[in-house]
Amino acid sequence: MPDAKSIVNKAIPRLYGFYFNALSLLSRKRGAALALKVFSVPRKGRLSKLQESYLDTARKQKIAFEDGLIQLYHWKGDGDTILLFHGWESNAWRWKYLIEPLQEKGYNIIAIDAPAHGASDGEQFTAVKYSKVITTVIELYEPQIVIAHSVGAMATVYQESQHQHKFINKLVLLGSPNRLEVIFKGYQQLVGFNSKVYQELDNLLKSLYGFHIEEFETATFARDIKTPALLIHSPADVIVPIDSLQPIAEALENSETFVSETGGHSLHTPEVVSRIIAFLEN
């Protein structure tokens, strides 16, 4: 029998959906705006004391961006510069498993906390907003290598399709989603809002960002990118299904793939680390 906590956790999303549907009867735009706001607010991803302790080993700085400051972490090395971009409801600490082996190789490593994550300011997060932050950090540090996970990978591909950076020699994309539509359909199913709210949500994204939900697709953006890329995914990924891997790989002109049997969505495994380092050193 499910306990009270699990029942409440399942009921809360449905209460949101009920409210979105009810509000849309008065104003479809208000119902859609609230649905987007709830979708864009991370429930977790802020730093714990343990995570702060590790990140204190880096040199820290903050840069201004739109509605606040973005936290950066720098582990200085004499080799190529690598930028690390995490995904949804995470923070720079998630790279600890990779940072330490890269430090042994002498790489110059920079990671950030995304907007509304870690020690960065903000309350809301979207892939488009994140892509602008990523562009700012790339142009500040001019890295030879970019490694990104999940929505961070999607945002990286999007920004790189809009702003080609010739100094980037290699991309590593871990567990990248392909179609934003899949993410929003999952949100609709979880919360239970109706097709009218979804349609108005689609219209809202078009007015705010210039694209419909179905038009935001990593594989579409990847067609413009010529940078050598390594794509890694796992069939055990229950967050982003592995069927997103092949369309992105086919769209990237100069890419290779690695299917990890371990690691799930996080891909925190020795075999993934070894494959990344082999790609970087090849």
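## Basis

Helices (H or I, at least four residues) and strands (E, at least two) are DSSP runs, numbered from the N terminus. This is a predicted model: local features need pLDDT of at least 70, side-chain atom pairs count only at pLDDT 80 or more, and totals for chains, interfaces and linings use all residues. Residues are numbered from 1 along each chain as its sequence is written, and side-chain values use heavy atoms, with hydrogens and water left out.

## Ser-24 in α1

Ser-24 sits in helix α1, residues 4-26. Its relative accessible area is 10%, so Ser-24 is buried (under 20% relative accessible area; exposed is over 50%, partly exposed in between; 1.4 Å probe, protein chains only). Leaving aside neighbours within four places in sequence, Ser-24 is in contact with Gly-31 and Val-197 (contact: heavy atoms within 4.5 Å).

## Nonpolar cores

The largest nonpolar core holds 57 residues (a core is a set of buried Ala, Val, Leu, Ile, Met, Phe, Trp, Tyr and Cys residues joined through side-chain atoms within 4.5 Å). Phe-85, Tyr-130, Val-137, Phe-184 and Phe-216 have the most contacts inside it. Helix α5 (residues 127-141) gives the most to this core, 8 residues. A second, separate core has 31 residues, including Tyr-54, Trp-75, Ile-277 and Phe-279.

Phe-85 touches Tyr-130, Ile-134, Val-137 and Ile-138, among others, not counting residues up to four places away in sequence.

## Helix α8

Helix α8 covers residues 195-209, 15 residues. From first C-alpha to last, α8 reaches 21 Å, close to the 21 Å expected at 1.5 Å a residue (expected span: 1.5 Å times one less than the number of residues). Its buried residues are Val-197, Tyr-198, Glu-200, Leu-201, Asp-202, Leu-204 and Leu-205.

Asn-194 caps the N-terminal end of α8, with a side-chain oxygen 3.1 Å from the backbone nitrogen of Lys-196. Gly-210 follows α8, and its phi is positive, near 90°.

## α2 against α7

The axes of α2 (residues 28-40) and α7 (residues 180-191) come within 12 Å and cross at roughly 105° (axes are lines fitted to C-alpha atoms, for helices over the stretch in contact; angles run from 0 to 180 degrees between N-to-C directions). α2 and α7 are therefore roughly perpendicular (65 to 115 degrees; under 35 is roughly parallel, over 145 roughly antiparallel, the rest oblique). Ala-35, Leu-36, Val-38 and Phe-39 in α2 meet Ile-183, Phe-184 and Tyr-187 in α7.

Conventions
Polar contact = N/O pair within 3.5 Å; in protein donor to acceptor, adjacent residues only side chain to side chain.
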